[in-house]
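Okay, thanks everyone, I'll keep this short. Have a look at the model on the screen while I talk.

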Amino acid sequence: MRVFQELHSIREIDDFIESHPLSFLYISRTNCSVCHALLPKVQSLLENYPQIHPAHINADDVEAVAGRFSIFTIPVLLLFVEGKEYIREARIVHMDLLEEKLDKIYKNVALD
């Protein structure tokens, strides 16, 4: 399973997105059962995409993340390509649809 880098501030989040051509953010809260159930599934899925750099943000610790990314519910999954948001999934995430979206982007992004 992929280990997600823990990010603890908006600056860390912005730096993470800027430093990776393909960056994936998993935003959750401490007492969110959906968040905790979904995370291992997402970690497992991302095994198929080694060039995607994953990170986790606990919205309880980084409250400004909600305003920064216009988040109204959790969990939220965000994929950035060259700093631009390409995928946003929230609350109820259908893993097969997420995988289709990731496949399309991953296969069409030329990475050095």
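I'll go through the strands, then the salt bridges, then a couple of serines.

Quick housekeeping: this is a predicted model, where local features need pLDDT of at least 70 and side-chain atom pairs count only at pLDDT 80 or more, while totals for chains, interfaces and linings use all residues. Residues are numbered from 1 along each chain as its sequence is written, and side-chain values use heavy atoms, with hydrogens and water left out.

Let's start with strand 4. When I say helix or strand, I mean DSSP runs numbered from the N terminus, with helices being H or I of at least four residues and strands being E of at least two. And buried is under 20% relative accessible area, exposed is over 50%, and partly exposed is in between, using a 1.4 Å probe and protein chains only.

Now the neighbours of strand 4. Two strands pair if DSSP finds at least two bridges between them. Strand 2 runs antiparallel to strand 4, with 6 bridges joining them, and Leu25 is the residue opposite Leu78. Strand 5 also pairs with strand 4 in the antiparallel sense, over 6 bridges, and there Leu78 has Arg88 as its bridge partner. The hairpin of strands 4 and 5 has 2 residues between the strands, and Glu82 takes a positive phi near 50° in it.

Side chains of opposite charge can pair when their charged atoms come close. The rule for a salt bridge is a side-chain nitrogen of Lys or Arg within 4 Å of a carboxyl oxygen of Asp or Glu, and by that rule the count is 4.

Arg88 makes one with Glu85, with the closest N and O atoms 2.8 Å apart. Both ends are partly exposed: Arg88 at 35% relative accessibility, Glu85 at 37%.

Next, Glu89 and Lys101 meet in a salt bridge at 2.4 Å, N to O. That pair links distant parts of the chain, with Glu89 in strand 5 (residues 84-90) and Lys101 in helix 4 (residues 95-108), 12 residues apart. Is Glu89 buried or exposed? Buried, with a relative accessible area of 12%, whereas Lys101 is partly exposed at 37%.

Then there's Asp14 with Arg68, at 2.8 Å from N to O. Arg68 is partly exposed, at 41% relative accessible area.

Ser28 sits in strand 2 (residues 22-28) and is buried at 4% relative accessibility. What is Ser28 in contact with, leaving aside neighbours within four places in sequence? Its partners include Cys35, His56, Asn58, Asp60 and Ile74, with contact meaning heavy atoms within 4.5 Å.

Ser33, on the other hand, lies in helix 2 (residues 33-45) and is exposed, at 58% relative accessibility. The C-alpha atoms of Ser33 and Gln51 are separated by 28 Å, and those two residues are 18 apart along the chain.
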